[in-house]
Amino acid sequence: MIVIADGGATKCDWAFVENGEIVERFKMEGINPFSVPEAHIREVVGRDFMPVASRYDITHIWFYGAGCGMAGHIVKGVLAEYLPNAEIVVGSDIDGAAKACCADGNGIVCILGTGVSSMQVEGGECVKRLPGPGYILGDEGSGTVMGKMLLSDFIYNQLPPHIAKLFNEEYSITVPEIVENTYHKPAANRFFGKFTPFLSKHIEEEYCQSIVRYNFEMLATRSLKQYDTDRLKVNFVGSVAAVFEDFLTEVLEKYGMTKGVIVRSPIDCLVKNLTAELAAK
């Protein structure tokens, strides 16, 4: 039995695979080692993953997750504590996205969910990757930044009156509560991201469209333009890309970029490509 995971900042998709077929799948909360402490990762793995994993004889685990480019050893160590006999490979979420989206090993891939990361691959290898500074210094286009902008406008009374009314009816949150969750509680990125669904729910409103367009414009001009978009397609993974695909397509066309595939979750593509890779060994 092999296990493949796609872990974002908010959630993690798991697939248990035998003979190339998924026999079980489930979701649990994200375990980004940059956002949550190791003790919490250990708790979540033990509580949510192991009750399922203990039913199988697991030989291989591939875990591609947010924050695992630099801190993947933390996740690998926790998994190894619970499953010491399994062969474990831990990589970044963008590595997983590239394996899922670029079937021929060539293209630009961008994760667009709670956070943002991107890179260019050729011949199956990364040839260029921009730093991932996170939502404080960057991450334009992410659910976190969109939610943060919405909350900032709410705090400064910049929401159009009818939008403010809708926002208050749906969330009933106060400024002190926003400040508390932003500065005194863990995982502020997840907190901000919880408000992005408001934008999609009311996307017919010009205000909501303006936030989405602004973020995608910044993503295109500050990040994507640094890649070879004149000759390679741009592929996307993540809920924000999938939900706001029409706006994303509009911005890509504006800047002369060719859209590749857009998938909400790469898990099915990962299963197909990684099982084929294992079988070829």
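1. Ground rules. The model is predicted, so local features need pLDDT of at least 70 and side-chain atom pairs count only at pLDDT 80 or more, while totals for chains, interfaces and linings use all residues. Residues are numbered from 1 along each chain as its sequence is written, and side-chain values use heavy atoms, with hydrogens and water left out.

2. Helices α1 and α2. Start with α1 (residues 38-53) and α2 (residues 68-82): their axes come within 10 Å and cross at roughly 45 degrees. Helices here are DSSP runs of H or I with at least four residues, strands are runs of E with at least two, and numbering goes from the N terminus. Axes are lines fitted to C-alpha atoms, for helices over the stretch in contact, with angles from 0 to 180 degrees between N-to-C directions. The angle makes α1 oblique to α2 (under 35 degrees is roughly parallel, over 145 roughly antiparallel, 65 to 115 roughly perpendicular, and the rest oblique). The crossing is right-handed, meaning that the near helix is turned clockwise from the far one by less than a right angle, with anticlockwise being left-handed.

3. What touches in that pair. On the α1 side you'll find E38, I41, R42, V45, G46, F49 and M50; α2 brings I74, V75, V78, L79, E81 and Y82. Contact means heavy atoms within 4.5 Å. By class, there are nine nonpolar, one polar and three charged residues in the contact of α1 with α2 (Ala, Val, Leu, Ile, Met, Phe, Trp, Tyr, Cys and Pro count as nonpolar; Asp, Glu, Lys and Arg as charged; the others, Gly among them, as polar).

4. The sheet. Five strands form an open sheet in the order β8-β7-β6-β9-β10, with mixed pairing. Two strands pair if DSSP finds at least two bridges between them. β8 (125-129) and β10 (259-263) are the edge strands, each pairing on one side only. Neighbouring strands are turned by 25 degrees against each other on average, direction ignored.

5. The β9-β10 end. Strand β9 (residues 234-237) pairs with β10 in the parallel sense over three bridges, and V234 stands opposite K259 in β10.

6. A helix on the sheet. Helix α12 (residues 245-254) lies across β6 (107-112), β9 and β10, and runs at about 160 degrees to β10.

7. α12's helix partner. The axes of α10 (residues 206-223) and α12 come within 9 Å and cross at roughly 45 degrees; the two are therefore oblique to each other. This crossing, too, is right-handed. The contact residues divide into six nonpolar, one polar and four charged.
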